[in-house]
Amino acid sequence: MPLEAGLLDILACPACHSPLKEQDTELTCTGHDCGLAYPVRDGIPVLLVDEARRPA
């Protein structure tokens, strides 16, 4: 489910404050040293570092 238009423009990674990009059912941090992937559940981004998936 795509996020509402303009939402990605105001969201940032809570860990490093880099912009996020939408990939499948996650929002992925674009920061080179971070790379956390945050889940989107029922169209709502869960921007909690404890819920994020670490990069592979």
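These legends walk you through a few views of a predicted model. Residues are numbered from 1 along each chain as its sequence is written, and side-chain values use heavy atoms, with hydrogens and water left out. In this predicted model, local features need pLDDT of at least 70 and side-chain atom pairs count only at pLDDT 80 or more, while totals for chains, interfaces and linings use all residues.

View 1. Along the sequence the pattern reads α-β-β-β-β; helices (H or I, at least four residues) and strands (E, at least two) are DSSP runs, numbered from the N terminus. The C-alpha atoms fill a box of roughly 25 × 20 × 15 Å along the principal axes.

**View 2. Eleven residues make up the largest nonpolar core.** Such a core is a set of buried Ala, Val, Leu, Ile, Met, Phe, Trp, Tyr and Cys residues joined through side-chain atoms within 4.5 Å, where buried means under 20% relative accessible area (1.4 Å probe, protein chains only). Members include Leu3, Cys13, Leu27, Tyr38 and Ala52. Strands S2 (26-29) and S3 (37-41) each supply at least two of the core residues. Beyond its neighbours within four places in sequence, Ala52 is in contact (heavy atoms within 4.5 Å) with Leu36, Ala37 and Tyr38.

**View 3. Glu26 lies in strand S2.** Its side chain and that of Arg53 are joined by a polar contact of 2.8 Å; this is a pair of N or O atoms within 3.5 Å, in which, within protein, one must be able to donate a hydrogen and the other to accept it, and residues adjacent in sequence count only if both atoms are side-chain atoms. Setting aside neighbours within four places in sequence, Glu26 also touches Lys21, Ala37, Tyr38 and Val40, among others.

Technical notes
Buried means under 20% relative accessible area, exposed over 50%, partly exposed in between (1.4 Å probe, protein chains only).
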